[in-house]
Amino acid sequence: MSNPVVQIAAATPSVDVAGLLEKFENGTAVIGVIGLGYVGLPLSCAACDADFQTIGFDVDSSKIEKLEKGKSYIGNIHNDRVSGFVKKQQFRPTSDLATLMQADAVIICVPTPLTRYREPDLSYIISTTEQIATHLRPGQLVVLESTTYPGTTQDVMRPILEEKSGLKSGEDFFLAYSPEREDPGNLEFTTSSIPKVVGGDGEHALALAQAFYNRVLGGKTVPVSSPATAEAVKLTENIFRAVNIALVNELKTIYDRLDIDIWEVIEAAKTKPFGYMPFYPGPGLGGHCIPIDPFYLSWKAREHGITTRFIELAGEINISMPAYVTHKLGEALNEKFAKPLNGAKILLIGVAYKKNVADVRESPAFAIMELLKAQQADISFHDPFVDEIPPLREHPEFVGMQSTALTAENLSMQDAVIIVTDHTDIDYDFVAAHSSLVIDTRNALKNADNASTEKIVKA
Ligand SMILES: NC(=O)c1ccc[n+]([C@@H]2O[C@H](COP(=O)([O-])OP(=O)(O)OC[C@H]3O[C@@H](n4cnc5c(N)ncnc54)[C@H](O)[C@@H]3O)[C@@H](O)[C@H]2O)c1
């Protein structure tokens with residue numbers, strides 16, 4: 001069978017590629033990571049685990065200060081790990097981008113949000129690339145990990161790097177794309193255990209990037225023919241999730257009308273050993289990836305005159321879920337207590353976008369809070385991971401709200417509780433026992449005792 005990775009740039013390198021390869025293979029290369037967030041910090045630690053000297057750069061000086069003191073701000077990464085690497089001087093956090101001159105590989109993990117018009121915002125990638133270009137030296141490998149549309153690495157980054165530095169990709173420096181598949185809060189898979197797709201701008205870039213990631217991942221790289229293909233792989237994975245979550249959210253609303261429990265349906269359907277993969281309904285999408293990434297492809301498709309109907313429809317259904325949950329709450333309050341939402345005391349459990357993380361970006365909790373506020377409900381929240389709602393561009397009105405205690409007294413004061421995020425460390429039986437009404441969007445109360453079932457509404 002022929003090897004699918006055949007797109008080879010026949011460039012003659014001006015640098016010693018074999019020598020560089022050896023440094024990545026034997027762990028003597030210096031790695032620079034730009035953007036020390038949910039992706040960049042775990043990657044830095046994984047590079048340290050693979051014996052690489054690692055320099056971590058971030059524009060957020062408060063993050064650098066914490067890391068310098070050996071403190072982590074990402075749930076899965078323990079302080080001991082960071083402080084161990086910092087003490088050994090294996091990990092050097094810095095705000096000085098010029099330090100990256102020392103790095104043999106520069107890995108970019110900066111945000112890729114949408115603009116307020118829901119179009120790709122590449123400003124972080126572009127400004128980072130411009131800064132790298134001013135320091136770029138022959139023999140460096142530059143890898144983009146941020147999620148983006150196909151063409152970003154070769155059509156956006158390469159011209160900036162080449163024009164500003166006067167160096168040529170594939171000859172003087174090497175450029176690749178390797179999407180991050182980090183799943184924050186998932187203890188089963190970590191940065192170093194998830195296979196990594198790699199696409200290079202030419203054969204040398206691919207070989208060098210693979211050598212680096214193979215050392216970090218113990219050989220689990222998946223080469224593809226180009227950076228654009230690797231960019232498309234990442235978007236495909238996330239679009240697949242967004243579409244399937246939308247499908248199951250739609251089925252939830254239909255089965256609810258038919259008095260069928262979607263959760264029971266999924267449990268039974270997933271016993272089919274082939275051709276079915278379970279996805280679960282919820283209060284809407286959240287996080288920095290699934291609600292955003294599909295629209296990177298929609299934008300690119302529009303440039304080519306193509307409409308992405310599946311993506312748009314999935315977005316429409318998923319975005320409507322907070323309204324569905326609020327509607328179910330209003331209905332239940334009316335039916336059970338003849339009470340309107342106006343003036344009702346509602347406690348949300350969980351404002352993080354998914355369980356066991358502190359990340360509130362794009363969380364559907366805020367859309368629910370906005371809808372409830374519009375109805376003049378009296379809202380509060382409890383989240384063991386979020387003491388206070390951090391600054392958010394989209395929902396400034398909730399910034400600074402504090403998590404309240406999950407006590408019997410607090411629960412019994414509420415007209416209803418909505419389980420938005422099913423964090424593991426919450427005693428849901430206790431919640432049900434002390435509440436008068438629970439709207440459960442995550443099936444957290446699937447094992448509730450008979451005394452509580454009357455109070456529970458799945459939504
Ligand atoms: N969070 C995830 O689960 C996840 C998973 C896969 C892929 N991704 C993708 O990875 C990328 C990063 O996501 P994240 O969740 O780590 O974001 P994040 O916001 O947690 O981290 C990004 C970091 O980059 C820093 N930064 C911003 N501009 C910078 C600059 N010019 N120079 C240096 N640092 C800069 C920020 O201060 C922040 O610390 C995004 O493209 C995202 O879509 C994220």
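## Close-up views of a predicted protein chain

**Figure 1. Overall architecture of the chain.** The protein chain has 16 helices and 13 strands, where helices (H or I, at least four residues) and strands (E, at least two) are DSSP runs numbered from the N terminus. This is a predicted model, in which local features need pLDDT of at least 70 and side-chain atom pairs count only at pLDDT 80 or more, while totals for chains, interfaces and linings use all residues. Residues are numbered from 1 along each chain as its sequence is written. Taken along the principal axes, the box filled by the C-alpha atoms of the protein chain is roughly 80 × 50 × 40 Å. Of the 459 residues, 46% count as buried, a residue being buried if 20 or more other C-beta atoms lie within 10 Å of its own, exposed if 12 or fewer, and partly exposed in between, with C-beta atoms placed from the backbone.

**Figure 2. The contact between domain 2 and domain 3.** The domain assignment gives domain 1 (17–224), domain 2 (226–319) and domain 3 (322–458), with bounds that come from an automatic or database domain assignment. Between domain 2 and domain 3, the contact takes 11 residues from domain 2 and 18 residues from domain 3, two residues being in contact if their C-beta atoms, placed from the backbone, lie within 7 Å. The C-alpha centres of domain 2 and domain 3 are 24 Å apart.

Figure 3. Together with helix α7 (residues 203–217), β7 and β8 make a right-handed β-α-β unit; right-handed describes a crossover whose path from the first strand over the helix to the second runs clockwise with the strands pointing away from the viewer.

Figure 4. V357 is placed in the loop between β9 (345–349) and α13 (364–374), and V357 is buried because 22 other C-beta atoms lie within 10 Å. Not counting residues up to four places away in sequence, V357 touches G75, P184, G185, A352 and F385. V357 and V386 are 29 residues apart in sequence, with a C-alpha to C-alpha distance of 8.7 Å. N356 also lies in the loop between β9 and α13, and N356 has a phi near 65°, a positive value in a residue other than glycine. N356 counts as partly exposed because it has 19 C-beta neighbours inside 10 Å.

**Figure 5. Q376 in the loop between α13 and β10.** Q376 is found in the loop between α13 and β10 (378–382), and although Q376 is not a glycine, its phi is positive, at about 60°. Q376 is exposed, with 12 other C-beta atoms within 10 Å.

**Figure 6. K87 in helix α4.** K87 lies in helix α4 (residues 79–87), and K87 counts as exposed, with 10 C-beta neighbours inside 10 Å. K87 and E68 are 19 residues apart along the chain, and their C-alpha atoms are separated by 9.1 Å.
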